[in-house]
Amino acid sequence: MSKYFTNRLSNLVPYTPGEQPQDKQYIKLNTNESPFPPSGGVLKAVSGEVGKLQLYSDPECTALREQMAKVYNIEPEWIVMNNGSDETLNFAFLAFADEKSPLVFPDITYGFYPVFAEINHIPYTEIPLSADFSVNIDDYIGVNKTVIIANPNAPTGKYVPLCDIEKIVKSNPDNVVIVDEAYIDFGGESAVNLVKKYPNLFVTGTFSKSRSMAGVRLGFGIANPALIKDINTIRYSTNPYNINRLTAKAGIAALEEQNYYTENCKTIIQNREWTKAELEKLGFTVIPSKANFVFAKSAGLDGEKLYLALKEKGVLVRHFTKTRIKDYNRITIGTKQQMEILIEKIKEIKEELNV
Ligand code: PMP
């Protein structure tokens, strides 16, 4: 830290993103990216826009929000677009939480939540998940604080049924309930269907996972127009051009080719269930997942050891050092071929280490 760094943030511990190694080619199963490239129309749409980059983008994202409205079956005023759902979440924390309405979220969840809370000086409480990593709904009923729940959760992949999400939203009418649906397209039911019913529900989503565009940085929020207006107050006070021209075009093209992405999600779900079964045959405990990853622990193999051994063999998975989950690895679901290689490599490691 330099002597110029503000005291206000001197205790801030930044979020640690998953590795993006540039040295050699790995089978990358560590940051929940899609193994499939964006659909054909995206390339055309982006290259057609390059010649206009001397001009600022449309701060209202009019065309993109109109296309979103068609796919999500809701009017454009209910939608805000941001630079990844990370930005949407940061804006939502800033807009809807403070000392009077502090944050609550599970102890095991997306690691960015405490960081966004810290940088915005929002007090927060982490509520322990139960032993099997389920969200105990009663912990959130009438909690009277700003709630953030990732559904499905990360890094566990566990899904909370929509009826339980609805109970939480309904019982906290004086606070916003944020539902982070980064992984909803891999088998869950979206809370977007409830936003017309609950003015305190704020749903976030992303193009990074099911729509194969982590590199484009496109995320969104869907909620009552009053909440969307609040997010826009923050957005216009931060960076009204947060969606650049190329990203906007890529997003529109992807939404026009929704079938391609829906089919890819089906393949990933099949590969996930295959991987889970194979890991179980090898003695792993695998948490049931509705995401594009599984969270698994081996009886004989330490989580960090397995992560390092797989890395040595050219396969990257994610390991977290937090005590409660240090025995686990989070494994992104890729193509069938990638998952077959993963299983092969795990078998080799088990033989080499005699476990
Ligand atoms: N929410 C959760 C639960 C995530 O795992 C991620 C991905 N790291 C995000 C939000 C952010 O996704 P993005 O900013 O790429 O849209």
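Predicted model: local features only at pLDDT ≥ 70, side-chain atom pairs only at ≥ 80, totals over all residues.

Next I looked at how β5 is joined to its partners. I found that β5 and strand β6 (residues 177-180) run parallel and are joined by 4 bridges, and that within β6 the bridge partner of I149 is V179. I then turned to strand β3 (residues 103-106), which also pairs with β5 in the parallel sense, over 2 bridges; here V104 has V147 in β5 as its bridge partner.

Are the residues of β5 buried or exposed? I looked up strand β5 (residues 146-150) and found it mostly covered, with 5 of its 5 residues buried. T146, I148 and A150 point one way from the strand while V147 and I149 point the other way, and all of them are buried.

I then stepped back to the whole sheet, which is open and made of 7 strands in the order β2-β8-β7-β6-β5-β3-β4, with mixed pairing. β2 (79-82) and β4 (124-127) stand at the edges with a single partner strand each, so one side of each is left without a neighbour in the sheet. The twist averages 20° from one strand to the next.

Last, I checked two helices: α3 (residues 84-96) lies across β2, β3, β5, β6, β7 (201-206) and β8, at about 160° to β7, whereas α6 (residues 225-236) lies across β2, β7 and β8, at about 30° to β2.

Conventions: Residues numbered from 1 in each chain as written. Heavy atoms only, no water. Buried < 20%, exposed > 50% of the residue type's maximum accessible area, 1.4 Å probe, protein only. Pairing = 2+ DSSP bridges. Axes fitted to C-alpha atoms, helices over the stretch in contact; angles between N-to-C directions. Contact = heavy atoms within 4.5 Å.
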